[in-house]
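Student: Hi! Could we look at this one together and go through a few of its helices?

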Amino acid sequence: ADTVVCALGAEVVEAAKIMLSREHGSAKLERSWGPGDGRPVEDMKIAIDQLLQEYLLSKDVDEAVRCIAELNSPLYCHEIVKRTVYHSMDKPTHEQEAMSELLKQLALREHLSPQQAVKGFNRLHRLLPDLALDTPSAVRVLENFTLR
């Protein structure tokens, strides 16, 4: 092991902790480096939307979980939560329940951490006034997702 690299390691870790502890640190990091596999954030959002649409057509939970795992973005799963619920707002109850099942399976299979789930639902709660303007049932839909 290189002694210089080992000596600098603690310094680098401390600098990273400081950067991430700043307000909106993780969001700034995502904008700089992308959400995980190197693709831009917008591309990741498109990939999430496409796999959610495919899941609603096929209801193949295993395939959807595999696709999400392939995104290799564990620190960006809050966006999956947000987009899953958001795209369910105008869907029939059985499709909302299917989307809830997907989130449940992601959590059970440890592809969605409790922290990322909370972050995603918190983001939705902050957006709720605007969501309710477009979808009057948004409050109920979000409440149902939270209860499931």
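Tutor: Happy to. First a term: a polar contact is a pair of N or O atoms within 3.5 Å; within protein, one must be able to donate a hydrogen and the other to accept it, and residues adjacent in sequence count only if both atoms are side-chain atoms. Helices are DSSP runs (H or I, at least four residues), numbered from the N terminus. This is a predicted model, where local features need pLDDT of at least 70 and side-chain atom pairs pLDDT 80 or more, while totals for chains, interfaces and linings use all residues. Residues are numbered from 1 along each chain as its sequence is written, and side-chain values use heavy atoms, leaving out hydrogens and water.

Student: Okay, what does Asp60 reach at the start of helix 4?

Tutor: The backbone nitrogen of Asp62: a side-chain oxygen of Asp60 comes to within 3.3 Å of it.

Student: And which residues of helix 4 are buried?

Tutor: In helix 4, residues 61-70, they are Val61, Ala64, Val65 and Ile68. Buried means under 20% relative accessible area, exposed over 50%, partly exposed in between (1.4 Å probe, protein chains only).

Student: What's on the face turned away?

Tutor: There you find the exposed residues Asp62 and Glu70.

Student: So what do the buried ones pack against?

Tutor: Helix 3 (41-58), helix 5 (77-88) and helix 6 (93-108). Contact here means heavy atoms within 4.5 Å.

Student: Switching to Glu95: buried or exposed?

Tutor: Glu95 is buried, with a relative accessible area of 17%. Its place is in helix 6, and it touches Leu56 and Lys59, not counting residues up to four places away in sequence.

Student: Now helices 7 and 8. How do their axes cross?

Tutor: The axes of helix 7 (residues 114-134) and helix 8 (residues 138-147) come within 9 Å and cross at roughly 160 degrees. That makes the two helices roughly antiparallel, a label for angles over 145 degrees. Among the residues making the contact are Phe121 and Leu124 of helix 7, and Val139 and Leu142 of helix 8.

Student: Which residues of helix 8 are buried?

Tutor: Ala138, Val141, Leu142 and Phe145. An arc of only 95 degrees around the axis puts them on the same side of helix 8.

Student: And what covers them?

Tutor: The cover includes helix 5, helix 6 and helix 7.

Methods: Axes fitted to C-alpha atoms, helices over the stretch in contact; angles between N-to-C directions. Parallel < 35°, antiparallel > 145°, perpendicular 65-115°, else oblique. Arc of directions from axis to C-beta.
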